[in-house]
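Let's take a friendly walk through a protein model, one part at a time. Have the structure open as you read.

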Amino acid sequence: MNVAIVGASGAVGQEFLRVLAERNFPIDELRLFGSSRSAGTTYTFRGKDYTVIELKHGTDDFKDIDIAFTSAGGGTAKDYAEDITRYGAVMIDNSSAFRMDTDVPLVVPECNAADALDRPRGIIANPNCTTIMMVVALQALENISHIRRIHVASYQAASGAGAVAMAELYEQYKQVLAGEKVDVAKFAYQLAFNVIPQIDVFTDNGYTKEEMKMFNETKKIMHTDADVSAMCVRVPSLRCHSEAIWAETERPVSVEEFQEAVRTTVGLQLQDNPAAVGQGIKSPSHLEGEGDNHLAAIAAAAAEHPYPMPLFLESCDDVYVGRIRKDLANPNGLTFWLVSDQIKKGAALNAVQIAEWLIENDPSLKK
């Protein structure tokens with residue numbers, strides 16, 4: 001494949017490079033694009049240096065590109081979509097620009113991979129990170145019994161607001177501990193030692209745009225009539241989002257049934273062992289190894305924990321599920337807890353998995 005990354009210098013753009021390398025994605029030619037500010041920056045990929053090209057209108061820069069991963073914001077995505085797709089490239093976009101357009105598929109491969117084949121505009125939308133991790137788990141439950149209703153509370157890390165937000169959280173902790181004035185720029189309020197029950201702006205119904213994304217995107221991805229009510233909260237962790245979910249199904253589903261579904265579903269990891277509480281498992285900073293070995297060590301240590309936690313799951317591929325139990329307020333309900341790396345599975349990895357599925361299943365991309 002000839003591959004382009006638009007927004008290569010951003011947090012998700014850099015994650016694209018890591019994921020493509022980790023998964024040995026078939027690349028014949030790679031082109032990196034960015035703003036005038038990042039143009040000229042050099043990044044190394046598989047031992048070769050690549051220089052970021054300034055994204056401009058009216059060029060042939062995307063000629064011969066097969067797949068373009070874009071993560072440069074909704075405005076840029078809309079502005080340059082025609083340039084990117086003009087010569088037939090499949091644009092897999094990470095912004096919210098096209099997610100609810102009826103002629104653009106919104107895809108999570110574990111749920112609706114085949115939707116990616118019907119893309120009249122040459123664009124596939126990558127869903128919101130909180131939606132991605134939730135529907136991977138919900139699809140496993142849907143396969144047991146149809147889901148009627150979903151309530152979710154998200155606990156979203158600073159990384160959801162980008163690399164600058166992660167740096168701001170670091171700085172805020174330093175400032176608080178030093179007794180200095182705390183600088184606030186990326187968040188509505190100080191995030192260090194705080195939680196903020198608002199992500200994105202409020203809409204007329206009192207829900208934020210982030211919460212409405214979970215409502216609308218879940219319906220589109222899962223082709224479901226289930227309603228979703230969400231409360232999205234920014235928490236002072238650095239990376240990986242968490243969610244508490246209450247799901248009502250048409251028939252009662254036992255804890256054991258859903259645990260087995262999680263255990264046997266690709267993309268999910270069951271981590272539900274309350275008896276392991278307080279056993280003194282090592283933290284990631286004490287794990288040995290580098291690169292893939294370190295990731296394997298993190299995953300192994302996480303598996304010994306009683307439930308998923310962001311501290312232990314940074315850079316892991318899957319959605320981790322724990323605290324599965326019956327809903328005491330609903331005989332047809334289950335409640336459970338999710339954690340996933342929202343920069344990885346919630347953004348770059350999901351997009352790359354879409355591309356991988358297309359390479360295997362779309363005749364127009366076979367070479």
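## A hairpin and its partner

How many residues lie between E13 and E14 in the hairpin they form? There are six residues between them. Helices (H or I, at least four residues) and strands (E, at least two) are DSSP runs, numbered from the N terminus. This is a predicted model, where local features need pLDDT of at least 70, side-chain atom pairs count only at pLDDT 80 or more, and totals for chains, interfaces and linings use all residues. Residues are numbered from 1 along each chain as its sequence is written, and side-chain values use heavy atoms, leaving out hydrogens and water.

Strand E13 (residues 319-326) runs antiparallel to E14, joined by five bridges, and Gly322 stands opposite Trp337. E14 also pairs with strand E11 (residues 241-249), antiparallel over eight bridges; two strands pair if DSSP finds at least two bridges between them. Here Glu248 stands opposite Gly333.

## What is enclosed

Seven of the eight residues of E14 (residues 333-340) are buried, so the strand is largely enclosed by the rest of the structure. Buried means under 20% relative accessible area, exposed over 50%, partly exposed in between (1.4 Å probe, protein chains only).

## The parallel sheet

Now look for an open sheet of six strands, paired in parallel in the order E5-E2-E1-E6-E7-E8. Its edge strands are E5 (53-54) and E8 (123-125).
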